[in-house]
Amino acid sequence: MAYKPNDFYARKAKSENFAARSVYKLEEIDKKYRIFKKGQQILDLGAAPGSWSQYASTAIGESGKILGIDLKPVAIKLSNAVFITSNIQEFDIQLLVTAHGFKEKFDVVISDMAPSTSSNRFTDQARSYDLSITALQTAIRVLKTGGSFICKIFDGPDAKSFGDELKTYFKLVHSFKPKSTRKSSKEFFFIGLGSCF
Ligand SMILES: C[S@@+](CC[C@H](N)C(=O)[O-])C[C@H]1O[C@@H](n2cnc3c(N)ncnc32)[C@H](O)[C@@H]1O
């Protein structure tokens, strides 16, 4: 199916000044699982162009703080967010956390990371799985006990084992495909609640 840049959610995002239509996926997840609260510290992996951080910024308020990381720069400015342009697979997250004045532990880690897609869906799934594992390893390092984790993954043979692995780290694990996800997309999200590490 062809990409439709001007679909309902893309137009809505533009009219509501969000950087991307992805914001509505996070909104659906938050409405269903009640992830964000005022004053939380959030780590946003794969933050560019910035719509998830925009949503989280409002949800956590001025007393909260977001650290966003992406290979690409994030152009939007948010008073309670710091954006770093970097490859999450190539640096030590803890050094970054302290260098930018964040508390050691985060309340929520969100990952909307996705690989650049190729013509081979197996390659894309494998790369998505790899990014999901990186997101989980990062969450294990920085999440508070009782914290929440949202992670995008492309459906495929590895996705179920990723969900099973999450069950060893979180009290509750849900899989969810927001209705704002494009029909042609193979992506869905795992939501881990109540980290127990
Ligand atoms: C779907 S976009 C994220 C959209 C974002 N959540 C928003 O709402 O604006 C996926 C992002 O993952 C980023 N990404 C992929 N691999 C990454 C890596 N190794 N480190 C950091 N970011 C990565 C890409 O650069 C891309 O911007």
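This is a predicted model: local features need pLDDT of at least 70, side-chain atom pairs count only at pLDDT 80 or more; totals for chains, interfaces and linings use all residues.
**Entry 1**

I began with the strands. Seven of them form an open sheet, and the order across it is β3-β2-β1-β4-β5-β7-β6. The pairing is mixed. I then looked for the edges and found β3 (81-85) and β6 there. Each of these two has a single partner strand, so one side of each is left without a neighbour in the sheet. On average, neighbouring strands in this sheet are turned by 15 degrees against each other, with direction ignored.

**Entry 2: β2 and β3**

β2 and β3 run parallel, and five bridges join them. I also noted that D70 stands opposite T85 in β3.

**Entry 3: a helix across the sheet**

Which strands does α3 lie across? I listed β1 (41-45), β2, β3 and β4 (106-111). Against β1, α3 runs at about 175 degrees.

**Entry 4: the core**

Next I looked up the largest nonpolar core, which has 49 residues. The members that touch the most other members are I42, L45, V109, A135, I150 and C151. Strand β5 (residues 143-154) gives this core its largest share, six residues.

I picked A135 and listed its contacts, leaving aside neighbours within four places in sequence. The contacts are L45, V109, S111, M113 and C151.

**Entry 5: around the ligand**

How many residues surround the ligand? I wrote down 22, and the closest are S22, G46, S51, I88 and D112. Two elements give two or more residues to this shell, namely α3 (51-60) and β2 (65-70). Sorted by class, the shell has 13 nonpolar, six polar and three charged residues.

**Entry 6: F170**

My last entry is on a single residue. F170 lies in strand β6, which covers residues 170-176. Is F170 buried or exposed? I put it down as buried, because F170 has 23 C-beta neighbours inside 10 Å and the cut-off for buried is 20 or more.

Leaving aside neighbours within four places in sequence, I found F170 in contact with F149, G192, L193, G194, S195 and C196.

I also checked F170 against I84. The two are 86 residues apart in sequence, and their C-alpha atoms are 28 Å apart in space. For the positions in the sheet, I went back to Entry 1: β6, the strand of F170, stands at an edge, and so does β3 (81-85).

Methods: Residues are numbered from 1 along each chain as its sequence is written. A nonpolar core is a set of buried Ala, Val, Leu, Ile, Met, Phe, Trp, Tyr and Cys residues joined through C-beta atoms within 7 Å. A residue is buried if 20 or more other C-beta atoms lie within 10 Å of its own, exposed if 12 or fewer, and partly exposed in between; C-beta atoms are placed from the backbone. Helices (H or I, at least four residues) and strands (E, at least two) are DSSP runs, numbered from the N terminus. Two residues are in contact if their C-beta atoms, placed from the backbone, lie within 7 Å. A residue is near a molecule or strand if its C-beta atom, placed from the backbone, lies within 6 Å of it. Ala, Val, Leu, Ile, Met, Phe, Trp, Tyr, Cys and Pro count as nonpolar, Asp, Glu, Lys and Arg as charged, and the others, Gly among them, as polar. Two strands pair if DSSP finds at least two bridges between them. Axes are lines fitted to C-alpha atoms, for helices over the stretch in contact, and angles run from 0 to 180 degrees between N-to-C directions.
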